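Visitor: I would like a close look at a single part of this model, followed by how that part sits within the rest of the chain.

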Amino acid sequence: MFAPNSKYRVAVTPAKRGKGNQAKAQGDKTSEQRHKAMTWAQRLKRVFNIDVSICPQCGGEAKVIASIEDQPIIDKILAHLMKKGALLPPPELLPATRAPPDSDWFA
């Protein structure tokens with residue numbers, strides 16, 4: 001029913017997409033417009049409810065000025081942030097630590 005090629009998908013999805021909705025799919029849009037994917041910002045908001053267009057500190061409008069997608073550059077940035085300890089969560093957000101299990105438990 002939820003599979004992309006199911007003819008029943010149109011009846012159960014909010015966007016009414018699927019094989020069963022051929023009239024809407026053909027519409028006035030070009031094939032490029034029909035197949036255009038969501039932006040990563042739209043996906044973040046839809047899947048994780050994270051709106052990158054709003055500043056988390058002041059609530060004002062934020063603007064994306066860069067999108068880094070090259071893996072070597074991402075690795076360099078993350079390595080630098082890890083050296084500075086910037087990627088560690090605040091102590092109050094870390095889970096409580098547990099003692100290791102008793103060694104005789106495994107025997």
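In which loop is the place of N49?

Guide: N49 is in the loop between α4 (40-48) and α5 (71-84). This is a predicted model, in which local features need pLDDT of at least 70 and side-chain atom pairs count only at pLDDT 80 or more, while totals for chains, interfaces and linings use all residues. Residues are numbered from 1 along each chain as its sequence is written, and side-chain values use heavy atoms, with hydrogens and water left out.

The backbone at N49 has a phi near 60 degrees, a positive value in a residue other than glycine. Most residues other than glycine have a negative phi. N49 is also exposed, with a relative accessible area of 66%; exposed means over 50%, buried under 20%, and partly exposed in between, using a 1.4 Å probe and protein chains only.

Two cysteines also deserve a look. The sulfur of C55 has its closest cysteine sulfur in C58, 3.7 Å away, which is too far for a bond. A disulfide is a pair of cysteine sulfur atoms within 2.5 Å, and by this rule the count comes to 0. C55 is partly exposed at 23% relative accessibility, whereas C58 is exposed at 64%.

As for the chain, it has 5 helices and 0 strands, where helices are DSSP runs of H or I with at least four residues and strands are runs of E with at least two, numbered from the N terminus. Of its 107 residues, 4% count as buried. Contacts (heavy atoms within 4.5 Å) with a separation of 6 or more come to 7% from residues 24 or more positions apart.

The accessible surface of the chain is about 10,300 Å², and 59% of that belongs to carbon and sulfur atoms; such areas come from the Shrake-Rupley method with a 1.4 Å probe, and for residues only the protein chains shown count as cover. M1, F2, Y8 and V12 make a nonpolar surface patch of about 450 Å². Patch residues have over 30% relative accessible area and no salt bridge, with nonpolar side chains (Val, Leu, Ile, Met, Phe, Trp, Tyr) joined within 5 Å and like charges within 9 Å; a salt bridge is a side-chain nitrogen of Lys or Arg within 4 Å of a carboxyl oxygen of Asp or Glu. V12, in helix α1 (residues 9-12), is partly exposed at 31%.

Confidence is given as pLDDT, the predictor's score for each residue from 0 to 100. The chain averages 76, and 70% of the residues score at least 70. Helix α2 (residues 22-26) has the lowest mean, 52, and α5 the highest, 89. Where pLDDT is low, the predicted coordinates should not be read in detail.
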